[in-house]
Structures are given as C-alpha cells and as structure tokens.
Amino acid sequence: MSRNAAVGVALADAPLELDLQLVASAGLLPEAPSEEFRTLRTRLEQLQSARAIRTVLVTSPSPGDGKSFTAANLALAEAQLDDNLTLLCDFDLRKPVLHNVFRIDRSPGISDYLLGKADLHEALRRIGDSNVFILPAGEAVTYPLGLLHLKEVRRLMDRLRNAFRWILLDSPPLLAASDANVLAALADGTLLVARIGATSLDSMGRAIGSLGSDHILGIVANGTGRF
C-alpha cells in the first residue's frame, strides 16, 4: 500500500467531529439530584484524576435494581459542574426509559443512527440550556444485541468521547441479556447497582463474575438513602 493510500485509510477511519451547536434543545430537566449522587460524582471525579475514565457503564444484576434511576441522577450531578458536558446514552434498547424521564421522543436515537436513518446530531438532545445531553434508544429493533456488534458502535463512541467529558451508558441488566457485557467492552469501567433487600447475593456474585472485578469502579447500593 502506498503512503498516500495509507493516509487515505487513516482519514477514513478517523471519527468525524461532532458539532454540538447542531443539537436541538428539548425536554425538561428533572429535579436536582440528592446529596448522595453528588457524593458519587465526587468519587468518580477522584477516580478520573488517577486513571483514564470518561465512559462509564451503569448496569445491575436484575431488572428493578435502579440502574436507570442511578444513571439519570449521576448525569444530572455531573452536569451541575461548570463546563462538564455530560452525555447519557440509553443503550437499554430492549426496555428504554430515559426518554420518559427527560420527556423527549424515543426516536430518533441510537438505533436510528446505527441503521443510517439519522445523523448523530439529530439523534442527540440537549436538555434545555444545561450541560446534560441525552442519546435515547431510538426506534425498537428486533435484535438489539446484533446492532451492538456493528463496527459503527465503536466509531460512535469515538465521536462521543471527543465531544463530552463524561459519557454514561445505561444498559439492560447483566443477567437478563448479553448486551451489558458487549457494552462493557466500550466503557472504561462499570458501576454496578444493587437494590438493598431485593438483589440477592447469588445474582450479585454472578454479575461480578460476568464483568470481572477489575472492570467494576464501584457498587451503588440503591434503596438505602446513601452509598
């Protein structure tokens, strides 16, 4: 391959710059997160100062543990800091809820972008004039896991990392589908959410074993009023 051809391939593989000025404002900003989520934000900021962390997967062993609640409130807490552009992605393509939380349309979103039906700036929403951006799930798809295996997913993440300081990925529960394990490979670490009195030790152990303890940034105990 000639040098010019090699340069051409490199340019083709380079992620396109994302112009956030093209992203429409929509939805409503929920109430400010509690002190517990600001504490969680501080702990993540401390981790970020010690290691390269920008993309965080938020998941749980089972449905109902509170992963989406945690992801949404952590995004709000991060976005309270000046110039801390924060993106919350609804990669729970099976049972997405974040579009309801922020009162935006589900589509266009992730699936629409990956299927070539929408540009990235069309799939994104900025919540008012805040630092919170949402990438909703998009239209329902028959085989969500197959969509996550597309090479375009990694290119998408590269584009997003160039535009945001924090990217939070909400995913299906670990023990309900394989999606979270695929998404974990795209993240710098995982927050594992457990609900006190509901999440069993067995399911927690299986979830940790599925991810690998080295990939877990921390465990969020939901339903206690504190972490």
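Reader: In which sense do strand β2 and β7 pair?

Author: In this predicted model, strand β2 covers residues 55–59. Val56 has Gly189 as its bridge partner in β7. Over 4 bridges, the sense in which β2 and β7 pair is parallel.

Reader: Which residue in β8 is the bridge partner of Val193?

Author: Strand β8 (residues 216–222) is joined to β7 by 6 bridges, and the two run parallel. β7, helix α10 (residues 201–211) and β8 also make a β-α-β unit, which is right-handed. The bridge partner of Val193 in β8 is Val220.

Reader: Why is strand β7 described as largely enclosed by the rest of the structure?

Author: Strand β7 spans residues 189–195. A residue counts as buried under 20% relative accessible area. The strand is largely enclosed because the number of its 7 residues that are buried is 6.

Reader: Which strands are the edge strands of the open sheet?

Author: The open sheet is formed by 8 strands with mixed pairing, in the order β1-β4-β5-β3-β6-β2-β7-β8. An edge strand here pairs on one side only. The edge strands are β1 (25–26) and β8.

Reader: What angle does the direction of α3 make with that of β6?

Author: Helix α3 packs on the sheet and touches β2, β3 (86–90), β5, β6 (166–170), β7 and β8. Its direction makes with that of β6 an angle of about 170°.

Reader: At what angle to β6 does helix α8 run?

Author: Helix α8 comprises residues 151–161. It lies across β2, β3, β5 and β6. Its angle to β6 is about 145°.

Reader: Is Asn73 buried or exposed?

Author: Asn73 is found in helix α3 (residues 67–79), and a polar atom of its side chain lies 2.8 Å from the backbone oxygen of Phe69. Not counting residues up to four places away in sequence, Asn73 touches Pro33 and Phe37. The threshold for burial is under 20% relative accessible area. At 12% relative accessibility, Asn73 therefore counts as buried.

Reader: Is His149 buried or exposed?

Author: His149 is found in the loop between α7 (144–148) and α8. Its C-alpha atom is separated by 18 Å from that of Leu211, 62 residues apart along the chain. The cut-off for the exposed class is over 50% relative accessible area. With a value of 54%, His149 is therefore exposed.

Reader: Which residues of β5 are buried on its two faces?

Author: In a regular strand, side chains alternate between the two faces of the sheet. β5 also runs parallel to β3, joined by 4 bridges, with Phe133 as the bridge partner of Leu87. Both faces of β5 are covered, and the buried residues are Val132 and Ile134 on one side and, on the other, Phe133 and Leu135.

Reader: How many residues has the largest nonpolar core?

Author: Those with the most contacts inside the core are Leu87, Cys89, Phe91, Leu135, Leu160 and Phe164. Among the residues that Cys89 touches are Leu98, Ile110, Leu135 and Leu160, not counting residues up to four places away in sequence. A second, separate core has 26 residues, including Leu76, Ile127, Ile134 and Leu217. For the largest nonpolar core, the number of residues is 41.

Note on methods:
Residues are numbered from 1 along each chain as its sequence is written. This is a predicted model: local features need pLDDT of at least 70, side-chain atom pairs count only at pLDDT 80 or more; totals for chains, interfaces and linings use all residues. Side-chain values use heavy atoms; hydrogens and water are left out. A nonpolar core is a set of buried Ala, Val, Leu, Ile, Met, Phe, Trp, Tyr and Cys residues joined through side-chain atoms within 4.5 Å. Buried means under 20% relative accessible area, exposed over 50%, partly exposed in between (1.4 Å probe, protein chains only). Contact means heavy atoms within 4.5 Å. A polar contact is a pair of N or O atoms within 3.5 Å; within protein, one must be able to donate a hydrogen and the other to accept it, and residues adjacent in sequence count only if both atoms are side-chain atoms. Two strands pair if DSSP finds at least two bridges between them. A crossover is right-handed if, with the strands pointing away from the viewer, the path from the first strand over the helix to the second runs clockwise. Axes are lines fitted to C-alpha atoms, for helices over the stretch in contact, and angles run from 0 to 180 degrees between N-to-C directions.
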